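Let us go through this structure by asking what each term rests on.

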Amino acid sequence: MDTQWPRYEVFEKERPDWPHRNAGSVHAPDAEMALENARDVFVRRPHCLSLWVAPASEIFSMTAEQLAGFDWRSVPAGPDSEPYLVFQKQTQRAAETFVVHVGEVEARSHAEAMSHAVEKFGSGGVFVWWVCPARAVTRSEESDVSAMFAPSESKPYRQPHFYKVIAQLREIKSKASE
Amino acid sequence: MCANILPTDITLASQNADPAKLAAFEARITRGEKIEPGDWMPAEYRKQLVRMISQHAHSEYVGMLPEGSWITRAPNLRQKLVLIAKVQDEGGHGQYLYHAAETLGATREEMIEALLNGRAKYSSIFNYPPLTWADMGMIGWLVDGAAIKNQTMLAHCSYGPYSRAMVRICAEESFHNKQGKEMIYRYALGTPKQKAMAQDALNRWWWPTLMMFGPHDSDSPNTPQLARWGIKTKSNDELRQEFVDETIAEAHLVGLTIPDPDLRYDEASGHWLIGKIDWDEFWRVVNGDGPCNKERLAARNKAHDDGQWVREALAAYAHKSKSAI
C-alpha cells in the first residue's frame, strides 16, 4: 500500500479584510509541496491572497463539547514559551466557514495554548478551537502571489455566470409562447 | 459530479450507544447544529458517513475519466479549456471529499487502496462510455444536474466537514452544469445533424442519469435513519422527481424528446410520471458488469502506477531538503 504522506491543514485568505480560514487539507512529503498542492486543490478560482499550511499533527483541536468536559488541571507544560496561532469556528450558519484565525497566544504546550486561547478570546459562541505553534506554519510569500494565485484570475470560463443559459432559456420560452 | 446513494444496511442505529449521549446528539441535530470532528457521535453515524463520503470521493475521482478521454478531441480551444478545467475540478472535488472522510478516521491509504483493487463502489454513471462530442454537453446538463440535486441537499447535512465540502463543490458544479446546457441548447437549436447528435446523447444518458438517484424509497430502508440524523434530508424518489420535472420542461423547450414512451404529465399532482427504471441494469453496473467498469479501474490503476516515479522523486526531494538542514 502506498503511503499518502502526512496531512497538512490549509488556511486561505481570500480578501484583505478577511482572516485566514481553514479550507481543508492536503497530503504532501514536505511543507513546500503542501503549499503547491494546496494551491492546486483550493485555488482554482479567484481570489486568494495568501495560503498557510500546517502539519495536522501540530494542531490541537477542541470542540465546545470537548472543552466542556476538559480537565485543565492535567495540562502539561513544556520548558519554553513560544507563540501559538489561535483559530475559532464562530458560526453554525455560513456552511463554508470552519475555523478562522483570530490571533496569537504565548504558551509552553499545545494544551496550555488552548487554555490561554480560551481565556484571551472568550468561549461564548465558539464551536471549535484550534491552536498551532507559529513555527509549524509555512506561509506563501508576498512575492509568490503573482505566480501562485494570479493565474486563477484569468480563467473566467470557470465561473457559472460566464454562461448566459438562463437568459437564453428565457428567450426560447418567450419565442415559444409567441 | 456524483450522486448515487447506494442502499445500506443500517441495523437499529447505535444499539450500543449510551442513550443519554445519543439523545443529546440527536437534540443537537434537531437544533440545526453541525457535528464537528471531535464531537461525540454514534458509531453508526460515523460508519454511514465514511461509506457515503468515500463512495462520493471515488465517484469524483473516477468521474475524471469519461470526460478526460475527450480533451484531445475538443473541437476548438475554448471547449478544450472548459473541459480541462472541468476535469481538473472533478479531481479537486475528490480531494475535498477524501479530506472530509479523513476527519472521521478513514485513511487516504485505505480508501485509495479500496478503489484501486475494485472493492470500493462509485457512481454507476461513470461506467457508461461517452461516444460523441455531444455527450460532453449531455453529461454537464444531465449528470452534473442530477449530482447538484443530491449535493445541494448534502450541503445542509449535519456533519460539518461533509457539508462544507458540498458547498464548495456545488458552487463549482454550477459551472459544469451551465457549460453543458450551453452546448446542448446550441446543438438542439442548431442544424439537423447537431440536433440529431443532441437527441442521440439524450437517448443514451437519460435512464442511467435517473438511476444515479439510487433505488426507489420502497427499496431504501435506511433513508428514515439518515434523515433523522440530518444526513439525507430528501429521499431518492423526491430528488429524482425534482430533477425529472425541471429537466423535462427544459428538454421540451429546446425541442428534445425524452426517451420514455410511458412518460405522462399528471395534472393532479403537477408532476411528470416516468416509466419503469431498469433496476437489473443498475445492479449489473454497480456490481462491476457495466460497459466500462474494467476500463475505468484499469485506467485508475495505470495512472497510479505511472505516478509512482513522481511520488518517489518528491519523497527523495523532501528527504534531501530535511537532511540539508
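Q: Which element gives the largest share of the lining of the largest pocket, and how many residues is that?
A: In this predicted model, helix 4 of chain B gives that share, with 5 residues. The pocket has a volume of about 1,100 Å³. Its lining holds 29 residues, and among the closest to its centre are Asn37(A) and Arg311(B).

Q: What makes the lining of the largest pocket nonpolar, polar or charged in its parts?
A: The residue types decide. The lining divides into 14 nonpolar, 10 polar and 5 charged residues. Tyr counts as nonpolar and Arg as charged, so Tyr61(B) and Arg300(B), both among the residues closest to the centre, fall into those two classes.

Q: Why is the pair Glu12(A) and Arg168(B) called a salt bridge?
A: The side chains meet at 3.1 Å, N to O. The cut-off is 4 Å between a nitrogen of Lys or Arg and a carboxyl oxygen of Asp or Glu, so the pair qualifies. Across the interface of chain B and chain A, the rule finds 8 salt bridges.

Q: How many residues are in contact between the two chains?
A: 51 residues of chain B are in contact with 43 residues of chain A. The area buried between them is about 4,300 Å², and carbon and sulfur atoms give 59% of that.

Q: Which residues lie nearest the centre of the second largest pocket?
A: Glu9(A), Asn22(A), Phe98(A), Trp130(A) and His99(B) do, out of 27 lining residues. This pocket holds about 490 Å³ of space.

Note on methods
Residues are numbered from 1 along each chain as its sequence is written. Chains are lettered from A and ligands numbered from 1 in the order in which they are written. This is a predicted model: local features need pLDDT of at least 70, side-chain atom pairs count only at pLDDT 80 or more; totals for chains, interfaces and linings use all residues. Side-chain values use heavy atoms; hydrogens and water are left out. Contact means heavy atoms within 4.5 Å. Buried area is the accessible area (1.4 Å probe) that two parts lose on being put together, summed over both. On a 1 Å grid over the protein atoms alone, a cavity is a set of points where a 1.4 Å probe fits but cannot get out, and a pocket is an open set with protein on both sides within 12 Å along at least five of seven lines; lining residues have an atom within 4 Å of a point. Grid points are joined across faces, edges and corners, and a volume is the space filled by probe spheres set on the points. Helices (H or I, at least four residues) and strands (E, at least two) are DSSP runs, numbered from the N terminus.
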